[in-house]
Protein chains: 2
Amino acid sequence: MLSQTEENYLKALFHLTTERASKSEVGTNELAAALNVKPATANDMLKKLKQKKLINYEKYGKISLTVAGRKQAIEVVRKHRLWETFLYEKFEFTWDEVHEVAEQLEHIHSSKLIEKLDKFLNYPEKDPHGDAIPNAKGEIKIQPGKTLLQVAIGKTCKLVAVRDNSASFLQYVVSVGLGLSCKIRVISRQEFDGTTEIEVNGKKSIVSQKFAENIYVA
Amino acid sequence: MLSQTEENYLKALFHLTTERASKSEVGTNELAAALNVKPATANDMLKKLKQKKLINYEKYGKISLTVAGRKQAIEVVRKHRLWETFLYEKFEFTWDEVHEVAEQLEHIHSSKLIEKLDKFLNYPEKDPHGDAIPNAKGEIKIQPGKTLLQVAIGKTCKLVAVRDNSASFLQYVVSVGLGLSCKIRVISRQEFDGTTEIEVNGKKSIVSQKFAENIYVA
DNA sequence: ATATAAAGTTAGGTTTATCTAACAAATTTA
DNA sequence: TAAATTTGTTAGATAAACCTAACTTTATAT
């Protein structure tokens, strides 16, 4: 059985490779940063995960998940997102509160518990942030859509997911008037820095490129 | 914040002192046995818990919880029993399955989660094994009743709780035909070894003294 | 193409929770 | 009460997950 720490490394690798578009390999520093540890620490763990055949990794090379590693990572993501959905739908947690508690709950080991949780929630496909919930077989239905940054000026789109789950980011999302399924109109965009002016329910805001890249729309 | 391990030591101390009748102090060996660690390990932890003012303890002396330690212990017990109730009532877990998963869930840190869980279950006073669930203030309503061993020959009683939560014990309880609120008739008892002959729903069984001491009745 | 910067690794150290083996204190028993 | 047993403690080791500091490899930029 994997430790919580090992599970967290696999989950981070999954997010950095499969879920973050266009890049399917990561480096030690980037992984370390994502986990809030020093590169030296991540390096130790990489050796261990390689030894357990959960990642592909050679000294000074890039890192990727093996099939076995990816399977484990998806299971953790599945648990995380099911618990977020549970907290949001059944326990009146807010958008920005669910993540922190789900970070703990995702490490509970009990296949029966997850099966029952999934059933209790009626086999949801999305979590409260709009992210896809892998099913019991590890299959992911919904594909990551385009981001707000890719929406043309004048067009209107609908928020389907956010990529950053930190409470501070989510609180900012809310402060701009956004929520899941909100309609967003793109008013203008600055060429030189990617800043986008948007309108949500009559409220206008200017958001950074980085922000726009983290808002997934349809 | 306490580690999971520290929480487990406090919980064990609570069970060994306050919940197990007649004895309000414990020794290192007994504590170590309850936690499945070696006495030397427990000894290390005792020093740490003393330093944190969670236990009363002097070298070669007996151990007891301080008010602060007891408060923390009760909080863990509360969480454990609420989760057991949740698993049993909402997720169709059986009597003997709830304990193991609750051992993990009891360490999730979120006061909001516990409040919501308590509310969701409608503020239960007993868990599926009949044990009292401390309320949000740490108060325990139901007092531990008498055991099957104390029931006179010929009398009928009702099972209200069991003291040992191991799956093997609970499975044995079930095999004798027992469950929460079951009626038990005491047919006879051997003087020399405390063995008790009982009848449950027409089924007769002979149980050991140790078994009878772990069955609480009203 | 080489110097500098960035990324990655290694060595050695810390903390937490565990262990074994040896020892000391307290209790029981003959 | 003295010996034997049980109970409790200490010292020294180990493994996991982290750190800092120094070093090496790879990438970048003039």
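Predicted model: local features only at pLDDT ≥ 70, side-chain atom pairs only at ≥ 80, totals over all residues.
View 1. In total 22 residues surround DNA strand D, and the closest include A:Thr41 and B:Lys59; a residue is near the strand if one of its heavy atoms lies within 4 Å of it. H3(A) gives the most to this surface, with five residues; helices (H or I, at least four residues) and strands (E, at least two) are DSSP runs numbered from the N terminus.

**View 2. Atom pairs between the protein and DNA strand D.** A polar side-chain atom of A:Asp44 lies 3.2 Å from a base nitrogen, whereas one of B:Thr28 lies 3.0 Å from a phosphate oxygen. A polar backbone atom of B:Tyr60 is 2.8 Å from a phosphate oxygen of DNA strand D.

**View 3. The hairpin of E5(B) and E6(B).** Four bridges join E5(B) (residues 183-189) to E6(B) (residues 196-200), which run antiparallel, and B:Arg185 stands opposite B:Glu199. Six residues lie between the two strands, and B:Gly194 in the turn has a positive phi of about 75 degrees.

Residues are numbered from 1 along each chain as its sequence is written, and chains are lettered from A and ligands numbered from 1 in the order in which they are written. Local features need pLDDT of at least 70, side-chain atom pairs count only at pLDDT 80 or more, and totals for chains, interfaces and linings use all residues, while side-chain values use heavy atoms, with hydrogens and water left out.

Methods. Polar contact = N/O pair within 3.5 Å; in protein donor to acceptor, adjacent residues only side chain to side chain. Pairing = 2+ DSSP bridges.
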